Amino acid sequence: MTQKKGQSSAELGVIGMGVMGRSLALNVMDRGFEVAVWNRDRELLDGAVAASGGRLQGCTDLAALVASLKRPRRVLLMITAGKPVDLVLADLVPLLERGDVVVDGGNSWFEDTRRRMRELAAKGLHFVGLGVSGGEEGARHGPSLMPGGSPEAYAAVAPLLEAIAARTDAGLCVTHVGPDGAGHFVKMVHNGLEYADMQLLAEGYHLLAASGLDAPRLAEVFERWNRGPLESFLVEISAAIFRKRDPKGRGWLVDRVLDRAEQKGTGRWTVAVALEQGVAVPSIAAALDGRVLSSRKAERVALAAGAPPRTLAKLDAGDVESALYGAKIAAYAQGFELLRTAAQSFGWALDLAELARIWKGGCIIRAAFLDVLRGAFARGARGGLLSDPALRAELEARAPAWRRVVAAAVQAGLPVPALSAGLSYLDAMTSARLPQNLVQAQRDAFGAHTFLFSDDPEGRPQHVEWLQPE
Ligand code: 6PG
């Protein structure tokens with residue numbers, strides 16, 4: 001341990017030396033800050049201190065960590081979201097003093113963050129709910145950071161966050177997202193969009209593979225896509241994945257991976273919150289369902305018994321690219337609609353263009369497309385991305401190919417839940433008339449729930465005895 005006893009000189013204390021905590025601590029340290037660290041498991045703590053060449057101050061307990069910090073103290077929690085955060089806070093808070101700042105950098109449920117912020121505020125402590133994206137590499141060399149909390153709390157940690165955030169031609173990938181649980185809410189929606197992006201690429205891969213492309217050819221297609229409008233981190237890593245050989249010599253590694261996706265909960269939260277907020281996010285929901293259905297592997301295998309593999313006779317990779325781009329616009333239109341609605345519900349002044357900007361680098365959904373979104377917001381597309389003329393023109397241009405791809409998949413029996421959900425979303429949102437007049441009539445017929453006449457500007461509720469014979 002390199003802890004200097006009696007010296008309160010460290011500018012940040014980091015609790016939790018798992019992969020993310022250790023990487024962030026090293027990143028902050030590399031930017032010239034003195035960092036003290038603590039972890040319940042001694043092995044991880046020693047590993048982190050060793051990795052820093054002894055420059056991280058390893059602390060033997062929480063009290064020592066707090067004692068090592070300069071006032072006002074800044075403590076970053078990098079621990080598993082949920083109960084562990086409350087348990088650590090229960091031990092940590094009594095050791096802190098008014099004006100100290102606690103930052104939670106995990107993927108915490110934003111309502112938990114709101115509660116913790118209230119609880120700490122009652123003790124004169126600041127709390128920041130910090131969304132961190134970028135995985136180990138991002139945390140170590142430049143993540144995208146989504147801090148939420150009071151302006152004073154943000155000001156106290158801004159120098160640290162700004163020092164470590166990723167940097168793009170659009171600036172630093174950090175901004176004060178908003179008050180309250182806004183940071184963790186925004187990170188949750190980031191993850192929902194991450195789910196949608198990943199599912200869409202998986203569907204594109206599935207179709208191309210069913211049309212006969214093997215892994216090296218898929219890598220070429222994804223590499224080509226990565227030089228066009230789909231340019232993004234996820235397309236880039238997918239191309240790299242297709243190039244990886246099975247170390248045991250059984251062909252391409254991706255073909256050996258069990259097709260059962262896991263999840264930690266942020267995608268599910270996004271869909272649940274969207275339902276509560278009355279915002280349709282069908283592309284994200286389709287991505288979530290895609291993971292859930294994939295997890296029923298044994299049943300799928302049993303139900304597929306004896307069926308021949310499903311193939312596509314002919315598929316244009318350019319059409320798939322167009323379909324994926326159209327579906328990406330649809331998914332982000334939904335995600336940003338959720339952010340806009342939540343901002344109103346919770347009284348947060350979220351700057352959507354700023355969010356597109358800080359997602360341009362560091363994070364998992366980083367993509368050239370985020371510049372397109374910033375452009376749309378700059379043109380004033382605050383009423384929804386589909387209302388932006390340039391995005392709408394893109395969608396119109398890509399819709400024919402998108403429809404061909406979805407139709408071919410449906411014909412072949414290949415599931416494309418996110419590609420088709422996005423298309424139906426676009427079609428619904430651009431239909432002046434939908435069949436919900438029948439739904440309203442049905443509701444009134446069986447439950448006297450009333451309906452409105454479409455030509456009644458005053459919107460007076462009507463009820464008719466629909467089931468009485470004419
Ligand atoms: C990030 C990621 C990260 C998330 C993983 C796994 O932005 O760095 O979103 O926070 O934990 O992507 O998430 P799932 O296990 O739910 O796929």
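**Ligand site between two domains**

Domain 1 (12-180) and domain 2 (187-429) both give residues to the shell around the ligand, so the ligand lies between them; the domain bounds come from an automatic or database domain assignment. This is a predicted model, in which local features need pLDDT of at least 70 and side-chain atom pairs count only at pLDDT 80 or more, while totals for chains, interfaces and linings use all residues. Residues are numbered from 1 along each chain as its sequence is written, and side-chain values use heavy atoms, with hydrogens and water left out.

**The shell around the ligand**

- The ligand has 13 residues around it, and Ser 133, Lys 187, Glu 194, Tyr 195 and Arg 291 come nearest (a residue is near if one of its heavy atoms lies within 4 Å of the molecule).
- Helix H8 (residues 182-210) gives the largest share of this shell, five residues; helices (H or I, at least four residues) and strands (E, at least two) are DSSP runs, numbered from the N terminus.
- Two residues of the shell are nonpolar, seven are polar and four are charged (Ala, Val, Leu, Ile, Met, Phe, Trp, Tyr, Cys and Pro count as nonpolar, Asp, Glu, Lys and Arg as charged, and the others, Gly among them, as polar).

**Atom pairs and burial**

- The side chain of Glu 194 has an N or O atom 2.6 Å from an oxygen atom of the ligand.
- For the side chain of Lys 187, the distance from an N or O atom to a ligand oxygen atom is 2.8 Å.
- Lys 264 has a backbone N or O atom 2.9 Å from an oxygen atom of the ligand.
- The protein buries 80% of the 420 Å² that the ligand exposes when taken alone (accessible areas come from the Shrake-Rupley method with a 1.4 Å probe).

**Backbone features**

- Most residues other than glycine have a negative phi, and most peptide bonds are trans.
- The peptide bond from Arg 71 to Pro 72 is cis, with omega near -15°, and Pro 72 is in the loop between helix H3 (62-67) and strand E4 (74-77).
- Asp 180, not a glycine, has a positive phi of about 65°; Asp 180 is in the loop between strand E9 (171-172) and H8.

How values were computed: A polar contact is a pair of N or O atoms within 3.5 Å; within protein, one must be able to donate a hydrogen and the other to accept it, and residues adjacent in sequence count only if both atoms are side-chain atoms.
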